[in-house]
Amino acid sequence: MTIFSLFVYIFIGVLVCVAYFHLSNFLLDFFTEKTSKKSINDSSIRVIIFIAPGFIVLLIFILYPVFETVRLSFYDKYGRDFVGISNYIWAIQNPEFKRAILNNLGWLLIVPTLSTFFGLVIANLADKLWWGTIAKSLIFMPMAISFVGAGVIWKFVYDYRGPGDQQIGFLNAIIVFLGYEPQAWLTIPLWNNLFLMAVMIWIQTGLAMVIFSAALRGVPKDMLEAARIDGANELKIFTSIIIPYLQQTILVIWTIITILVLKIFDIILALTNGMWQTDVLANLMYDWMFRGGGDSGRGSVFAIIIMIAVIPIMILNIYRHKEEQKI
Amino acid sequence: MKKTIKLILAVVTSIFVLNTSAFAGSYSGPDLSGQKVTISGPWLAPEDGYMREIASIFEKATGATVEYGGSDSFEQQIVIDIKAGSPADIAIFPQPGLAANMAAIGGLRPLSDDVKKAVMDNYAAGQSWVDLATYPDENGNDQFYAIFYKVNVKSLVWYSPDNFEDNGYEVPTTMEDLIALTEKMASDGNTPWCIGLGSGDATGWPATDWMEDIMLRTHDPSVYDMWVSNEMPFNDPRVLEAMDFFGSFALNDKYVNGGSKAVATTDFRDAPNGLFTSPAECMMHRQASFIPAFFPEGVEAGVDYDFFYFPAYSTKDLGKPVLGGGTLFAATNENQATMEFLKFLLHPEPNEWWMAKGGFLTPNKNADLSAYSSDTFRKLGEILTGATTFRFDGSDLMPGAIGAGSFWTGMVDYTNGKSAKDVADAIQASWDSIK
Amino acid sequence: MKKSFFSSIVSQIILLIFVIVWIIPTFGLLISSFRDKDLLATSGWWTSLFTTEINEIYRTAGYESQFKENNNYIIKGNIFNTKTGKKIKSFGITSKNINEFLINEEAIFKDGSKIEISETGDYIWKSQIPFENKKGKRVFITASSPPKFTLNNYKEVLLNEGVGQAFINTLAVAIPSTVIPLIICSFFAYALSWMRFFGKDLLLATVIASLVVPLQMSLIPLLSLYNDISNLFNISSKSYPGVWMAHTGFGLASTTFLLRNFIKSLPHEMIEAARVDGANHYDIFKKIILPLSIPAFASVFILQFLWVWNDLLVGLVFLDQVPSEIIITAKLRELLGSRGENWEILTTGAFVSMTVPLLIFFLLQRYFIRGLVAGSVKG
């Protein structure tokens, strides 16, 4: 791959895609020119042109694997013999499964809430200050780091050395400096989950902040000024004008992060590998799917449970969609 | 460096020409021009370079082309590739358990009887290497599938000769001496051991090696075999005894660097650093033959560090057991060049070439010991060939869900304060659930 | 006026605290990437910013370098071998007592030989009988070490053969894998927002549901599908277009979801007015939606690009691991070595691979704002 062929590749790839939409719509316009304008607008052919590529990709890359996974969850570990629901029964009786569900619930409550909250606060503060752009860039930076990189960073934050030895973990260095005993943070059950969540919050706050920051510019300026003239302080403006105005955006961001958290896996894999009672569903799925040759039946069961867990979020979003339609 | 290799090769070649053995001289194979062999494995730099050099010997001799691709998530990728139906011609498995799994789903091609016979005849303890590579196929029939190439020895304790000298310690030759030495070190105010179980998503495996070494030193090898195959349950008193023996080192805050809390959180790659700090953080480190790769830059074998054999009890008549591991080459496609390449690995030339590079041990009797890059490796090679009992890394032989799963996590729980009984019960329960 | 000044100070402080907390881990990584690799695992990164006291072990020269002077056998040299800027305070000759002697004091070994060390590391080792030891003696020093950084880690990563190529390969993967879903999903999202058709709610529900499909479980079914197709046409199952489509598939749900949320929020009066004027959906999309959606495109572009750029798994599974196809994350993993992680390559690699996403973020941030301003003027 030379730089020249890089451009050729990118050009062809993008061109094919643009050409599809342009040519198909152009042809449609060309052949329906003679008929009345009204029918063009609701032409079902145009609907097909618009949704076909997305729909086909959805079908192949998401729906097909999902159905395959559903099928495999009823088969043995090689995917050969039908075993009924025994994989599900096994999962429900598995103590790891219960623990993973509880851990996942903890993640779902804490991470989206804090990331959204921090993101909103930071976006709001940063937009008013001259060095806000710099601050935003710095807080966004963790988003640009791969999970592998983030794993190394936080390994060095949480690192533990015995009391008396020189600490190389930043957190323990502070603790020792303040005169306390160093702690093996990642091995303290229950608390260690919070330390893992901190990594995810650290990454996702940048995402929330960027989107909020764009949305905040939509808040009508005159409304803010009117409130200021009325003598409202910044906190009051934040809670009674900005938050209600951004309700939609908050819900969207909360949904996105919640879904990311349901799939959370890399951070735990890198820092504890689910040990010390930190396992979550996605880790169990990965372990059973691939470790030591894999058991596609049991791995699939966990994948399906993760997918089922999203149903409430889905219903919420569809409900919201319906509400919008009514207006 | 290149010159010395050439020289060694020349010497080796001349020895074998005189020897007129069936496998003498530099490798010459059938003409395979135009054929291609693809290999995938877990080796990355620098081993991937060595692998490609080895392949080029084959390419020159046969005219075939060989391509090697390495991946650090090989164990996951090979499962995906074999299940999806597009694996490379040869897969290099880091452990037999995974190869057995792939054989069971029909992903591997059995090797011919003459290859099997060649392994039997040319490898020290040939039968055990054949047994380790024989698995049931998808119809449940036992077949011979793989060739061991590049093995390692695990029963080693690394130390600094200077630190031993400064403190007046002697290298122990029996387990009784080792235990006494450990006590003496602690009473002198030194920390005897550095133990680190951290290894990313494989955290815990170093403790399984401890367990296996201890099992071989406290009980008959047949007990070890029963343990590995689960004919004897994991929560048998003999296993609990071994776990508590490990605990007598790892759970004693005075015996291990950083205290027992540090055992599971210290990375296995960082653990040996304690041998080389000033003042020394620990005196001894039990780890396999590959660990010098992670020692600090500039330390020299035989000068700054050395190793001794993790000794056996003098009061128990169990000989000199050795624990080891190794990588296996297995074919996923049945073509002439692939099969020829596997035969090529049994020839002395590719063995001696890598022996000269270091980090490589072979059970192949035809390979010349003088090809080893250093005395350290020659000594390792002798431990391998001088073993009265050789056993393969047990956790690699257990099913993946145990040997690369609950056994690892169980040992981590154990160092974190869970009792041996609870840990062993949990591991046995997970084993029962996959039967 | 005073009040707003006060609240501005409070805002500044709160934001500053956020920034500091957020930046410290990354800053530690940055410092670590400039440190010597052996120091990484033995001392905290913050210690390298200041002059610190260190304990180290060095070895003197062996017997070969001895010479005779006034009935004394002498070995001379500098224990550091290279200039380091370290200043020795005290030293010792056994591991049991590492700071037994001050500099320029004479230490006596068991064999009667004597050694003296200066602040800069120069030593003189004298004996009345010839030296016979092949290896030198160990000297334990306590010294103050000034901050020291090295570019070696970056040299190792950047000059490594294949990293530049992998960089280009990754661009060839990442750009189409970001632009294609953006185009496809913008039409998809438009249809889901403003077009009327049968099964729309069901389709939307499917899109939202597919947000949670774990990527790992799709790999085997998809790769076997790719293999079937490639066998049919006798082409390789692993190729750039294949990886583009895979990323499009895995990014489809989130991209559509985000774009739909944006497009849906645009004022519907505008679209209805255009339709009354006789514009068809394609015209509306081109002339109204597209210009207004630029900020949303920018944020979706950033997110998808980041995800693709930092991806390892998809690149490993859907591309051959050969120099012409290997991506940067996979290449960095290769540099780590077989048995694990060289922290220095991980830290350095993390920064090298961060450059492109950050550049995109900074470039698009301006665009982001410009798009918003333009949009509000027109609206």
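**Reading the features**

User: In the hairpin of β7(C) and β8(C), which residue takes a positive phi?

Analyst: The residue is C:G121, with phi near 100°, and the hairpin has four residues between its strands. Strands (E, at least two residues) and helices (H or I, at least four) are DSSP runs numbered from the N terminus. The model is predicted: local features need pLDDT of at least 70, side-chain atom pairs count only at pLDDT 80 or more, and totals for chains, interfaces and linings use all residues. Residues are numbered from 1 along each chain as its sequence is written, while chains are lettered from A and ligands numbered from 1 in the order in which they are written.

User: How many bridges join β7(C) to strand β8 of chain C?

Analyst: Two strands count as paired if DSSP finds at least two bridges between them. Here four bridges join β7(C) to β8(C), residues 122-127, and the two strands run antiparallel.

User: In which sense do strand β6 of chain C and β7(C) pair?

Analyst: Strands of a sheet pair through backbone hydrogen bonds, either parallel or antiparallel. Strand β6 (residues 106-108) of chain C and β7(C) pair in the antiparallel sense, over three bridges.

User: Which residues make up the covered face of β7(C), and which the uncovered one?

Analyst: Strand β7 spans residues 114-117 of chain C; C:I115 and C:I117 are on the covered face, and C:K114 and C:E116 on the uncovered one.

User: In what order do the four strands of the open sheet in chain C lie?

Analyst: The order is β1-β9-β4-β5, with antiparallel pairing. At the edges are β1 (52-59) and β5 (101-102) of chain C, each of which pairs on one side only. Eight bridges join β1(C) to strand β9 (residues 138-145), and these two strands run antiparallel. One of the pairs is C:E56 with its bridge partner C:I141 in β9(C).

User: Where is C:N70 found, and what is its phi?

Analyst: C:N70 sits in the loop between β2 (67-69) and β3 (72-78) of chain C. Its phi is near 45°, a positive value in a residue other than glycine. C:N71 has its place in the loop between β2 and β3 as well, and its phi is positive at about 65° although C:N71 is not a glycine.

User: Why does C:N70 count as exposed?

Analyst: A residue is buried if 20 or more other C-beta atoms (placed from the backbone) lie within 10 Å of its own, exposed if 12 or fewer, and partly exposed in between. C:N70 counts as exposed because it has 6 C-beta neighbours inside 10 Å. C:N71 is exposed because 6 other C-beta atoms lie within 10 Å.

User: Why does B:S433 count as partly exposed?

Analyst: B:S433 counts as partly exposed because it has 13 C-beta neighbours inside 10 Å. The residue lies in helix α18 (residues 420-433) of chain B. B:S433 is 32 residues from B:A401 in sequence, and their C-alpha atoms are 10.0 Å apart in space.

User: Is the peptide bond from B:S278 to B:P279 cis or trans?

Analyst: The bond is cis, with omega near -5°. B:P279 is in the loop between α12 (260-265) and β8 (284-286) of chain B.

User: How many helices and strands has chain B?

Analyst: Chain B has 18 helices and 11 strands. The C-alpha trace of chain B spans about 65 × 50 × 35 Å along its principal axes. Of its 435 residues, 54% count as buried.

User: How many residues of chain A are in contact with chain C?

Analyst: Contact requires C-beta atoms, placed from the backbone, within 7 Å of each other. By that rule 87 residues of chain A are in contact with 89 residues of chain C. On the side of chain A that touches chain C, helix α3 (residues 44-72) of chain A gives the largest share, 17 residues. In chain B, 75% of the contacts between residues at least 6 apart in sequence join residues at least 24 apart.

Note on methods
Contact = placed C-beta atoms within 7 Å.
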